[in-house]
Amino acid sequence: MGCVNSRTAPIEDVDYKNVEDTNPDYPPAYIPDSTKAEIYDKDVNRDIQQKIAAMPKGTDGTYTSLLKYLSTGLTKETHHVTAIYLWMKDQGYDSASLDMVKDGDTPREYMKMIKDDRGDLTTFFTILCRRSGIPCNIISGLGKNETYFIGAPENSMQTKWAAVFADEEWHLIHIEWSMQRGAGSSDDVETEASDFFFLTDPDVFSTFCHPEDFNWQLLDQPISKKEFLSFPYYNPHFFLMHSSVLAPKSGTARAMNGKLDIEIAFPKRQIDNIEVNSFAYFIGESNEIENRNTKVDILDKYVFVNRKPSKFIFEVTLPKAGRYLFDIYGGYRDKMVEKAKTPGKGLQRLCQFRIISDKHFEEGEVEALPDSQENGWGPGPHCRSLGLVPLTHFESCIYIKPGEYRDLWFRMERDLDVTCQLTHNYLPVYELVEQVECATGDNEVQVRVHVPEEGQYALKIYCREAGSKVFHEACVYLIRQREKSRLPEKHRDKMLRNRLEHNIKNHTSERALQDAIEVFRCYTVPDHGEIKQGEEKLKQYWEVKKELRSAIKGRNINVVNKWLARAKKSKYHQDLQEDITEAERLQDNLTKMKGHMHPMAKMDPHTIIEIRNYKRPPKIVHDVMSSTYLLLGEQRDDLQDWEEIQYLMGKQGSESLQKRVISRRPEDVHIEIAEESDSLIQPYSIDKCRTVSNGICTFYKWNKHFIKEVRQRDLEERQRLEAERQHSDNEILDEVNDLSRSSRPKNREPVKFEGRGEPYEVEKEENGVKEENDIDKKGHDTKGEYDELEKKHEFIMSPTRPPEGKQSSPVSYAGWKPSDIS
């Protein structure tokens, strides 16, 4: 019969009661070049469907009339095969009218055989194709239908399907599975799923069926039966949604430590319109599967679905050891079909995994999720449909560090009232009210959250239309207070951590520590307590040190006492010991001078006026006041006339005599000025000053104590400089001796060096014995000259004396000295 404009194919004389599975005269099995998307034309199918609906009654009375009607107007064999398939889907195989059909070789007779279980749909389809001149083989093997579960016995998986040679290519059709949903459905999702096994691409078909003859896989690289059985179970909707399994690749997975992550990817452009869910069955402790329909209700709170930009991660925690079946459901929100009391709540099953766990958790050892979500975790399609669009946090899980506040931002597509709530498995809601707050403004919503202790929390965000009375749950985030698991520390992070630790351990500088903390934070290096230690070092060491030095310089007894006490209480008090000692010495001096400083500060202004009003003051008054102003920084020549002193005593404000005396510091006065000032009041005593004026007596005592303190500071400074000079000289002499011993050969004559002056011979040491040559060949006494030079630290330029500026040679810089050379 054949199709119009198709190849001429012989019409087979098929014995409908004894149909052979294969025909040796057919072309051999080979891989098709065309895909289903290229040959499956929905417009042509729609026309065929209308043609079938308008078929005259009685056309299906014979094979000849039926096939001629179906092939009329079709130009391709694949279209004829489609017409046969669609006509078969449109028939009622349980119709009571089939009981009245008489025996004979007719389509309705074979439909009656199917009703009486004496025939099957695959054979009927094969008869129709062969009598149309289209080669068709029946393929037998293992199949995974809708009732399949991972681990099912092979004897329950036996099935058969058809391989049709149309338009010079072999195509695979599982006619029974394609007709299970029936025809005429108005739901595009159901129709597409029911036609899934018609002209299915071989690579997809191989995940559902495994033929006994591997050639009929129609693949470049056929898969083994073991590989086929190890695959996860895939439902047609899995491929219709263009899904893919990222992990695990095997259908049977082992949960390490009772936990397993299953990752399912979807096209990124569709992820915002996809809803997913999961369902678990507990099989039992052994390989037996009789209990597979037992639902583990408590497992709902042990499966967290984390929504990512292009995938979903199912974080499964199994509370007890055993074997589980784990089903994943999914669908497009705008195409979801609600089905009451069914797993997945209106979603279609996508795939199934078998999970084996050997870990048994004790009660309270594993924490359940704080809630079980019908609309899923995170800001999914339901959140956007309510008019709330996330701007910052797009995933389902938020990790918060201890003590951290996290801000979440949303955009309102319309006028909404938004509120939020934080829940926990054990903490009551009223204790968590203060941990979360919500602020609305300018079409944006800010949610700030903080968790009080480690654990898992559910952050629920509700919204409603302005004026409405009912709040709807927009989205729910899972909050975890713990650090994310990280990869081994990067080299950059390690270097920045070492830098910060170095500045904490060593007293480098305050600025260096601040910079190290800033850079540590800038590059978001994981903080293991280093920032807290660094800030503690800044506050308890560098701040105390700086303020204590400032107090010592300011010489204010109250400020010195304050920061001295802070320094002693600091955890770094041992490192601040030098500053503490200096502050204590100043504290003693200021305490001793307290009796002299306070009268100066509290001196009655009339006393100063009384001294200033002297026309011709006694010599003691002139000398004491000259000594005072000399210590205050005035020039000796300007203090010869009493009128100049009167002018200085008449100044007010910051230049007044009282304020200048109180603010004057010993380090501001040179020792020569102090000695000159002391020479002016040396002839007088405190008793003699007291007989003249109490005011002059106060100035006299202040002068004496101030001069004493200047002398004390000068002595300490001289001792410090002397100690430094002595230390420096010892280092230079040690280096000179080392160089001399290393470069001088044994048993040699004294070497004579000439510089800027008379030549002399240096000392030498051999075997620990000192030899001297006091007189050179010209008769000069070089020993006395050398001693004099040593005394004055004036070294004659010679190879044995290093230059004043210490320089490192390339050899010594490399880590070894000339003495190492043999």
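This is a predicted model: local features need pLDDT of at least 70, side-chain atom pairs count only at pLDDT 80 or more; totals for chains, interfaces and linings use all residues.
View 1. You'll find Val-429 in the loop between β18 (416-424) and β19 (436-441). Together with Tyr-430 and Val-433, Val-429 makes a nonpolar surface patch of about 320 Å².

**View 2. The negative patch around Asp-638.** Here the surface goes acidic: Asp-637, Asp-638, Asp-641, Glu-643 and Glu-644 form a negative patch. Asp-638 sits in the loop between α20 (619-631) and α21 (642-649). With 39% relative accessibility, Asp-638 counts as partly exposed.

**View 3. Strand β17 and its two partners.** Side chains in a regular strand alternate between the two faces of the sheet. In β17 (residues 406-412), Arg-406, Leu-408, Phe-410 and Met-412 make up the covered face, while Asp-407, Trp-409 and Arg-411 are on the uncovered one. β17 pairs with strand β15 (residues 388-390) in the antiparallel sense, over 3 bridges, and Val-389 stands opposite Arg-411 there. β17 also pairs with strand β20 (residues 444-449), again antiparallel, over 6 bridges. In that pairing, look for Trp-409 with Gln-446 as its bridge partner.

**View 4. A salt bridge between Arg-131 and Asp-105.** Side chains of opposite charge can pair when their charged atoms come close. The side chains of Arg-131 and Asp-105 meet at 2.6 Å, N to O. Arg-131 is in the loop between α6 (121-130) and β1 (136-143), and Asp-105 is in the loop between α4 (77-89) and α5 (107-115), so this pair ties together parts that are 26 residues apart in sequence. Arg-131 counts as buried at 10% relative accessibility, whereas Asp-105, at 36%, is partly exposed.

**View 5. Lys-308 meets Glu-395.** This salt bridge spans 2.9 Å, N to O. Lys-308 belongs to the loop between β11 (303-307) and β12 (311-317), and Glu-395 to the loop between β15 and β16 (397-399), so the pair links parts 87 residues apart in sequence. Glu-395 is partly exposed, with a relative accessible area of 26%.

View 6. Lys-571 and Glu-536 join through their side chains in a salt bridge of 3.0 Å, N to O. Glu-536 is part of helix α15 (residues 530-554) and Lys-571 lies in the loop between α16 (557-569) and α17 (577-592), so parts 35 residues apart in sequence are tied together. Glu-536 is partly exposed, at 27% relative accessible area. Separately, Lys-545, Arg-549, Asp-579 and Glu-582 are linked in a salt-bridge network.

Technical notes. Residues are numbered from 1 along each chain as its sequence is written. Side-chain values use heavy atoms; hydrogens and water are left out. Buried means under 20% relative accessible area, exposed over 50%, partly exposed in between (1.4 Å probe, protein chains only). Helices (H or I, at least four residues) and strands (E, at least two) are DSSP runs, numbered from the N terminus. Two strands pair if DSSP finds at least two bridges between them. Patches are made of residues with over 30% relative accessible area and no salt bridge: like charges are joined within 9 Å, nonpolar side chains (Val, Leu, Ile, Met, Phe, Trp, Tyr) within 5 Å. Accessible areas come from the Shrake-Rupley method with a 1.4 Å probe; for residues, only the protein chains shown count as cover. A salt bridge is a side-chain nitrogen of Lys or Arg within 4 Å of a carboxyl oxygen of Asp or Glu. Lys and Arg count as positive and Asp and Glu as negative; His and the chain ends are not counted. The place of a charge is taken as NZ of Lys, CZ of Arg, CG of Asp or CD of Glu.
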